[in-house]
Amino acid sequence: QKSWLVVKELGVANVGEILYKHLFKIAPQTKKLFPLSVRQRYYDWRSGAAEDENDFESSPALRNLFAKVVGAVGSAVAGLQNINKLVPELNALGMRHINYNMQEEYFEFGGQALVLTLRDGLGHMLTADVEQAWVSVYDFLAATIVCGLRTAKAQEARCKLQMLQPPAPRSFQLATRGLQPTSPQTPPPPPQTQPTMPEVRRARSQEASHRGGRPPAAPRQARGAVVPSGQTIDAVQKSWLVVKELGVATVGEILYKHLFEIAPQTKGLFPSSVRRRYQDWASGVEENEQNLENSPALRNLFAKVVGAVGSAVAGLQNVNKLVPELNALGMRHI
């Protein structure tokens, strides 16, 4: 961490440029990770500098891209004091890299390039002990990211296998959902003499729903993840367009009010320290600690939740890309 402060003084863009030039010299094949379609995301259109598709050495976009890489390294170095938080973030980073054709051996090349970059930046300050410390830290960071990448690849393989499998027979689907297909040979189940606690709670919930003028929600059967069919995706995406017209903030407010009504304990996920991140300070509206029902910050927060749902709905056509992103999202929520 002390040596990183010296490196950072050189500027992340300068260090990033040194880093990618060393990387391309060590492993020219890594250039294919950065086609023009990728570099254009990092191009500063205000600069007026042209981006030559074949000139990797003097690419303004690559300079910006690797400035972000160096910034990410700095964030990881700063986070070394809190490994429990850092590991899930690095795992999630690795899972997102499945979409960039990242190969595990490239991390070895990246480590070599980083050491050469540190030598350029630190000079005589990069003693043998400091260099070995950096190698140890980089090996830990890279191994954690690769773990996430492997997880994403395994998820992708399972999704592909699942999509290739024919749909299960109807009777099997019923059985796996805890139901039994009716037939003349199937004897009726014995009557229960005493309701179970879940049934009592469900009956009370249905009665409360009736009192509120709403029909009870249909019971949901617990089951494993199933890749939705094209017809299902089409139905969800078309209906989502109607929902979206209401506005994400309005839908978000409806969503969190239903959530708190169903499970009041979930209010504990949104203390004032969380809600402050979503408060619109320009509005001048005060945030009442006890009044979650009319919280402007929660309205903003759940607008983002609804937006994320919309992004996921839009991504249902590409499950192989969507699954790693959702896994990464889940890992950040630890």
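## Basis

The model is predicted: local features need pLDDT of at least 70, side-chain atom pairs count only at pLDDT 80 or more, and totals for chains, interfaces and linings use all residues. Residues are numbered from 1 along each chain as its sequence is written, and side-chain values use heavy atoms, with hydrogens and water left out.

## Overall fold

The protein chain has 14 helices and zero strands. Both are DSSP runs numbered from the N terminus: helices are H or I with at least four residues, strands are E with at least two.

Of the 334 residues, 29% are buried, meaning under 20% relative accessible area with a 1.4 Å probe, protein chains only. The chain exposes about 21,900 Å², and carbon and sulfur atoms supply 57% of that area. Areas come from the Shrake-Rupley method with a 1.4 Å probe. Among contacts (heavy atoms within 4.5 Å) with a separation of 6 or more, 72% join residues 24 or more positions apart.

## The largest pocket

The largest pocket has a volume of about 1,200 Å³. A pocket is an open set of points on a 1 Å grid over the protein atoms alone, where a 1.4 Å probe fits, with protein on both sides within 12 Å along at least five of seven lines. Volume is the space filled by probe spheres set on the points, which are joined across faces, edges and corners.

The lining holds 38 residues, with V69, A72, L93, H97 and I145 nearest the centre. Lining residues have an atom within 4 Å of a point. Helix α4 gives the most, eight residues. Helices α2, α4, α5, α6 and α7 each supply at least two. The lining divides into 27 nonpolar, six polar and five charged residues. Nonpolar covers Ala, Val, Leu, Ile, Met, Phe, Trp, Tyr, Cys and Pro; charged covers Asp, Glu, Lys and Arg; the others, Gly among them, are polar.

## T30

T30 is found in the loop between α2 and α3. T30 is buried, at a relative accessible area of 2%. Its side chain reaches the backbone oxygen of A27 at 2.7 Å. Leaving aside neighbours within four places in sequence, T30 contacts L23, F24, Y106 and F109.

## V313

V313 belongs to helix α13, residues 296-314. V313 is buried as well, with a relative accessible area of 10%. Beyond neighbours within four places in sequence, V313 is in contact with V236, Q237 and W240. V313 and W240 are 73 residues apart in sequence, yet 7.8 Å apart in space, C-alpha to C-alpha.

Terms used:
Buried means under 20% relative accessible area, exposed over 50%, partly exposed in between (1.4 Å probe, protein chains only). A polar contact is a pair of N or O atoms within 3.5 Å; within protein, one must be able to donate a hydrogen and the other to accept it, and residues adjacent in sequence count only if both atoms are side-chain atoms.
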